[in-house]
Amino acid sequence: MEKKIEWWKNAIVYQIYPLSFKDSNHDGIGDLNGINSKLDYIKNLGIDVIWLSPVYQSPMDDNGYDISDYKRINPIFGTMEDMENLVSNIHKNGMKIIMDLVVNHTSDEHQWFIEAKKSKDNPYRDYYIWRDQPNQIQSVFSGPAWTYNEATKQYYFHLFSNKQPDLNWHNPKLRLEIYQMINEWLDKGIDGFRLDVIDLIGKDIDSMSLSDGPYLNQYLQEMHDHCFKNRDILTVGEMPGLSIKRASEITNQKNPLLSMIFQFSHISLDEIPGQGKWALKKLDLVEFKNVFNKLQQTLFEKGWNSLFLTNHDQPRAVSRFGNLSFRKKSSKMLATVLYGMQGTPYVFQGEEIGMTGVQFELSQYKDIETLNMYRDHLQKGYKHDDIMTSIYAKGRDNSRTPLQWDDTQNAGFSDVQPWIDINPNYKELNAKKDLAEKDSIYNYFKELFTIRKKYRIFDQGTFELIYPSHHELFIYLRKTKNEAILVIGSFSENRIEIDLSEYSQYQCLITNETPIDLKQTVIPPYYCAIYYKKEDYHANH
Ligand code: NOJ
């Protein structure tokens, strides 16, 4: 008998960035009812789980990742009733929903911080991190991670903006309040969480040990015991600073603290090591393959992977890793190579129609990280054009422009001017047009997901790179006792000759063009395919 696996290992997750998904109330801002009106579009793609970026009460300094009340819905997105209605409709459609849990920090407008900053003996003072003197730690959003509080003559700590004070996780009372809040949401019937920068909660500021700090396992274990233990939910921890080995430990099948994590090794390969995300470097495909190989090998039969190339913080996948002259083909190729691996697939809204990044004027950008970096770099003497080149390549607004539904005004996202400009290519690139085309990206994703669910090899098979040092082809073989698949993806605009004749009896399951004959292989530009072989089980046993 085949072993039953956890539902979230086979699930396909779709991330919604609510600000930019669909506006229903004519204010240029996406909202919960907008999402509700598009559940068919999501369901029809083959999605099982929707991950909703934060919709809680927030002054929106960092687009909702600065929460001022965990128990309320931000009125720009709707009401608690709208939220409950959405959850119930998602369930009626046979899907699940996970929310974003941001508990490394709150907004400075959270009641806890409003209290804490009043006086040193305020009961909430110790919910945050205070020092008489700041140390050298810098904020992820530029400048020092410390801001002076005049009233109490101390500095508070914030790894992100100064409107996002970090919570003091060493305080047991605070931790219990957070667990209680988590349980209230789970009791409402949501199916899990994506946990924002959760690798930071175990930090020790004084020794400057921030990510994967000394208390991380202890606090995750405690959270697990208080909130997750007896529930059948999906938890995915965003952990930008965690090594692959630690990813395997935290998700280990014997005592998983979280179902899976977002590990970021593949995301930093196009930056100059040690110089941060804005220092651009050309991606080396061999390095890229090696990272995935290591992830696949290290977590195999130990932990569990999440498969993603983009999200609301990353550039559009096709602009970054594909080729816009081969937009459709390379979008499909990236999906094939990524989702052919072991792990839970994540799709970021718009990825399923191959949406691309933008090159805006500076005044059109909204993202706090981008704008702060621009000011900071200008002050340090960088040239405007060079800074803009980094923003075009890496800025977070690339993936935050509204979803392009059709070619009508504002791309069918809203009937008024949206909060951020639409990508000007919406007349040629939109969901309606894509779906109407024979070689639609959306339909390709859908077919790929159907295949993934049909063959157990996708969640069970081993992983082996074929031609590991080839600089333009990403090819791998996966095997179980009686099945094998060969996944081929070309990252080149040239035709490439290669010998794959030993796989010539494999059958093509899916491809982005006419399947090629593996006996005399010439791989066309941005070609991709999955070939399948079932061993004759009885012949071998
Ligand atoms: C990671 C989130 O994905 C990002 O959007 C946010 O700015 C930071 N964490 C801070 O919450």
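This is a predicted model: local features need pLDDT of at least 70, side-chain atom pairs count only at pLDDT 80 or more; totals for chains, interfaces and linings use all residues.
Q: Let's start with the ligand. How many residues surround it?
A: 13 residues surround the ligand.

Q: Which are the closest?
A: Asp62, Asp196, His312, Asp313 and Arg396.

Q: What lies 2.5 Å from an oxygen atom of the ligand?
A: A polar side-chain atom of Asp62.

Q: And where does His312 come in?
A: His312 has a polar side-chain atom 2.8 Å from an oxygen atom of the ligand.

Q: What about Arg396?
A: An N or O atom in the Arg396 side chain is 2.9 Å from a ligand oxygen atom.

Q: How much of the ligand's accessible area does the protein cover?
A: On its own, the ligand has 300 Å² of accessible area. The protein covers 97% of that.

Q: Where does the ligand sit?
A: In the largest pocket.

Q: How do the residues of the shell around the ligand divide by class?
A: 7 are charged, 4 are nonpolar and 2 are polar. Asp62, Asp196, Asp313 and Arg396 are among the closest residues, and Asp and Arg count as charged.

Q: New topic: cavities. How many of 30 Å³ or more are there?
A: The structure holds 5 of them.

Q: What volume does the largest cavity have?
A: About 100 Å³.

Q: Which residues are closest to its centre?
A: The lining of the largest cavity has 13 residues. Closest to the centre are Ala317, Val318, Ser331, Glu351 and Phe445.

Q: Which elements give two or more residues to that lining?
A: Two helices do: α10, spanning 317-321, and α11, spanning 327-339.

Q: Which one gives the largest share?
A: α11 does, with 5 residues of the lining of the largest cavity.

Q: What classes of residue are in that lining?
A: 9 nonpolar, 2 polar and 2 charged residues line the largest cavity.

Q: On to the second largest cavity. How much space lies in it?
A: About 50 Å³.

Q: Which residues line the second largest cavity?
A: Ala247, Ile261, Gln263, His266, Leu295, Leu299, Trp304, Asn305, Ser306 and Phe308.

Q: How does the lining of the second largest cavity divide by class?
A: Into 6 nonpolar and 4 polar residues, with no charged ones.

Q: Can you recap the classes for me?
A: The ligand shell has 7 charged residues. The lining of the largest cavity has 2 charged residues. The lining of the second largest cavity has no charged residues.

Definitions and conventions. Residues are numbered from 1 along each chain as its sequence is written. Side-chain values use heavy atoms; hydrogens and water are left out. A residue is near a molecule or strand if one of its heavy atoms lies within 4 Å of it. A polar contact is a pair of N or O atoms within 3.5 Å; within protein, one must be able to donate a hydrogen and the other to accept it, and residues adjacent in sequence count only if both atoms are side-chain atoms. Accessible areas come from the Shrake-Rupley method with a 1.4 Å probe; for residues, only the protein chains shown count as cover. On a 1 Å grid over the protein atoms alone, a cavity is a set of points where a 1.4 Å probe fits but cannot get out, and a pocket is an open set with protein on both sides within 12 Å along at least five of seven lines; lining residues have an atom within 4 Å of a point. A molecule sits in a cavity or pocket if more than half of its atoms lie within 2 Å of its grid points. Grid points are joined across faces, edges and corners, and a volume is the space filled by probe spheres set on the points. Helices (H or I, at least four residues) and strands (E, at least two) are DSSP runs, numbered from the N terminus.
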